[in-house]
Amino acid sequence: MDTDLMIRVYPFFIEAAYVTVQLSVLTCLLGLACGTLGAMARLSRLAPIRWIAATYVSLFRGTPALIQIFILYFGGPQIGINLDSFAAGTIALGVNIGAYMTETIRGAIISVDRGQAEASRTLGMSRAQTMRKVILPQAARMMIRPLGVNINALIKGTALVAPISVIELTYTAQRFIGSTYKPFEMFLLAGILYMIIIYVVGQGIKWLDRRAQIV
Amino acid sequence: MIDTTKSDTPFIDIRHAAKSFGALEVLKDISLTVERGQIVAIIGPSGSGKSTLLRAINELDPLSSGEVWLEGVQINKKLPYRQYEKHVNQVRQDIGMVFQHFNLFPHLNVRDNITLAPKMLKGLSTAAANKLAEEQLAHVGLSEKIDVFPSRLSGGQKQRVAIARALAMKPKVMLFDEATSALDPELVEEVNLVMKQLAEEHMTMIIVTHEMDFAASVCDRVLFMDQGVVVEEGPPEVIFQNPKEERTKNFLRKHLSR
Amino acid sequence: MGLDFTVVPEYFGILFLGMGWTIAITIGAGLLSFFGGIVFAVIALYGHWVIRLPFRLLAWLFMGTPLLLQLFLIYFGLIEVGIDLPAFIAGVIGLGLHFAVYNSELIQASILAVDKGQYEGARTLGLSRGQTLRRIVIPQAVRAVIPPMGNNMIALLKDSALVSVIGVAELTLAAQQAISRTYRPFEFYIAAAACYYVINLCLEAGLRRLERRIAASR
């Protein structure tokens with residue numbers, strides 16, 4: 001294994017890792033926003049809104065994320081959307097993971113015991129008050145771990161912006177494989193950094209989950 | 001504590017209540033009235049519709065047809081969505097309900113469980129709400145548990161807190177849906193005591209229960225339901241000792257010989 | 001520039017050919033991931049520690065890094081060691097191994113969940129460890145794990161688009177060929193997405209039927 005080479009090029013990977021982290025954070029935030037909206041829409045009492053949300057989930061989970069990125073980045077200009085690769089990638093990935101998060105969040109809300117809503121409504125609280133004060137606080141505690149699974153996939157999913165030349169970890173690995181012909185070493189450099197990012201985030205999720213447990 | 005106004009209008013008036021879940025008829029044309037301060041027990045086999053009837057009173061499971069009136073106000077009025085919601089939320093403040101599985105809010109401690117609705121719906125200040133919570137807890141004998149979380153309470157304690165939570169809204173009537181069915185036998189008595197105390201304070205109560213002894217000792221009236229109809233009703237002495245209907249006799253025989 | 005979907009039908013031929021390759025890749029990698037998953041699971045649970053340890057390391061590596069990165073490793077890595085495989089084969093191997101690792105986790109859990117009494121019953125009858133595994137435990141474990149593995153198959157179908165990056169002529173690349181001639185990326189990527197969606201629906205329907213048949217045979 002060519003460790004000298006690895007020592008020489010790793011700074012590029014560190015910089016690329018920083019971009020991967022940025023992509024992950026922004027994608028995650030957008031995904032959570034879409035996921036929350038989507039979950040609320042899926043649970044709406046108005047059938048058309050429910051249908052729109054279900055279609056959103058079906059389309060974005062049923063087609064490859066890579067194609068979604070290409071549609072936005074390459075196809076966008078045709079309908080007046082001109083984004084740079086970083087923005088297009090982030091938005092496409094964010095909306096994509098939002099579809100998965102919609103189901104995660106909705107699942108958590110549904111899993112709150114029916115009796116909780118019944119007790120709350122019986123006291124005279126409205127649907128909105130019940131959701132805000134009784135259901136969502138309990139659902140939020142339950143959705144941390146499954147959202148962690150979504151986030152894990154999201155971090156690895158940021159690699160999909162490499163084909164549109166965003167200079168993140170996978171793109172950097174590809175670039176250096178091309179110039180050094182050392183795929184194993186470059187895989188290791190990128191791979192280890194991905195795993196560090198995933199590990200740190202994973203620990204954060206675990207901590208959040210612990211803190212959220214009710215006394 | 002008895003308010004003797006409007007004694008000609010029945011306090012609770014259920015007219016021709018019917019409820020179907022799809023093809024299944026759960027309630028078949030039930031009419032009954034409850035006077036203020038009355039304590040009514042509803043007994044019967046599972047599937048008889050007794051819980052469904054109770055839950056129809058506060059629109060948890062709205063009737064398919066028929067009317068429910070509380071003190072001259074129709075509870076199950078047909079209104080456009082938004083008005084209906086406002087109306088129902090308002091009326092429910094006057095009806096307290098206690099569930100078989102307590103349904104305490106696990107993410108809130110006892111104090112917050114009790115003060116949540118009064119603060120949100122009646123605009124009570126935190127100080128006033130806290131005082132109210134302390135009063136209600138003292139009423140059910142659990143003052144020292146005010147800052148504890150529900151997971152730390154026994155079943156009987158949870159149910160007493162649930163009763164305190166319902167009472168904090170100063171309801172006109174209390175509905176009990178098999179309040180002690182999920183409790184271990186040793187814990188049933190403490191809840192029954194609280195319910196007896198409420199009865200002595202002349203709270204109007206409708207109690208769905210399996211406990212014949214308790215029903216006999218507390219209630220003014222007993223209704224026996226079977227397959228969606230009220231088969232027989234009367235004072236406890238009559239129903240339990242001298243029932244008229246065959247079905248009532250069969251049910252009691254099976255139940256009391258256990 | 002505007003949209004003009006009327007250019008798409010002209011290229012149906014190219015797109016269908018690409019779809020065919022996508023389906024072929026999915027089936028090939030799917031089979032590899034299924035059987036590979038079983039093999040990996042058995043190694044991970046019952047293998048000699050000399051094999052088990054490096055295997056766990058590889059599994060950890062494969063689950064913690066992006067598929068695209070792994071595809072680069074396999075495609076270019078094989079070339080480095082002198083094996084010059086067509087991109088198609090490298091793609092199938094890469095996809096198959098990636099999902100084999102995930103499937104193996106599922107199968108391991110399922111094997112462990114098979115009632116211990118089954119194992120003991122077989123051993124007391126005189127069956128060897130290997131025979132017990134092969135005839136009693138693994139068939140039950142695999143049957144139980146088809147639904148979650150089905151989800152992995154669906155993911156595999158979508159991830160098959162990634163092999164276009166290493167030059168495999170499947171649906172995504174076919175769309176790109178059409179784009180290079182018409183300069184209409186929006187129309188053709190939408191068309192490609194529609195094709196993937198339809199294949200996905202068929203796959204999901206097939207999986208549901210499979211699950212029902214398995215449930216019925218209990």
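At what angle do helix H3 (residues 110-122) of chain B and helix H4 (residues 126-140) of chain B pack? The angle is about 125 degrees, and the two axes lie 9 Å apart. That angle makes H3(B) oblique to H4(B). The model is predicted.

**Helices H3 and H4 of chain B**

- H3(B) and H4(B) cross in a right-handed sense.
- By class, the residues in the contact of H3(B) with H4(B) are 7 nonpolar, 3 polar and 3 charged.
- On the H3(B) side, the residues that take part are Val110(B), Arg111(B), Ile114(B), Thr115(B), Pro118(B) and Lys119(B).
- On the H4(B) side, they meet Thr126(B), Ala129(B), Asn130(B), Leu132(B), Ala133(B), Glu134(B) and Leu137(B).

**Chain B with chain A**

- Chain B brings 26 residues to this contact, and chain A brings 24 residues.
- Between them, chain B and chain A bury an area of about 2,200 Å², and carbon and sulfur atoms give 60% of that area.
- Within chain B, the residues that lose the most area to chain A are Tyr81(B), His107(B) and Met120(B).
- Together, Tyr81(B), His107(B) and Met120(B) supply 26% of what the chain B side buries.
- The interface of chain B and chain A holds 2 salt bridges.
- A salt bridge joins Glu85(B) to Arg121(A), with the closest N and O atoms 3.1 Å apart.

**Chain C with chain A**

- This contact draws 37 residues from chain C and 33 residues from chain A.
- The area buried between chain C and chain A is about 3,100 Å², with 78% of it on carbon and sulfur atoms.
- Between chain C and chain A there are 0 salt bridges.

**Make-up of chain A**

- Chain A contains 8 helices and 0 strands.
- Along the sequence, the elements of chain A run in the pattern α-α-α-α-α-α-α-α.
- The C-alpha trace of chain A spans about 70 × 50 × 20 Å along its principal axes.

Terms used:
Residues are numbered from 1 along each chain as its sequence is written. Chains are lettered from A and ligands numbered from 1 in the order in which they are written. This is a predicted model: local features need pLDDT of at least 70, side-chain atom pairs count only at pLDDT 80 or more; totals for chains, interfaces and linings use all residues. Side-chain values use heavy atoms; hydrogens and water are left out. Axes are lines fitted to C-alpha atoms, for helices over the stretch in contact, and angles run from 0 to 180 degrees between N-to-C directions. Helices (H or I, at least four residues) and strands (E, at least two) are DSSP runs, numbered from the N terminus. Angles under 35 degrees count as roughly parallel, over 145 as roughly antiparallel, 65 to 115 as roughly perpendicular and the rest as oblique. A crossing is left-handed if the near helix is turned anticlockwise from the far one by less than a right angle, and right-handed if clockwise. Contact means heavy atoms within 4.5 Å. Ala, Val, Leu, Ile, Met, Phe, Trp, Tyr, Cys and Pro count as nonpolar, Asp, Glu, Lys and Arg as charged, and the others, Gly among them, as polar. Buried area is the accessible area (1.4 Å probe) that two parts lose on being put together, summed over both. A salt bridge is a side-chain nitrogen of Lys or Arg within 4 Å of a carboxyl oxygen of Asp or Glu.
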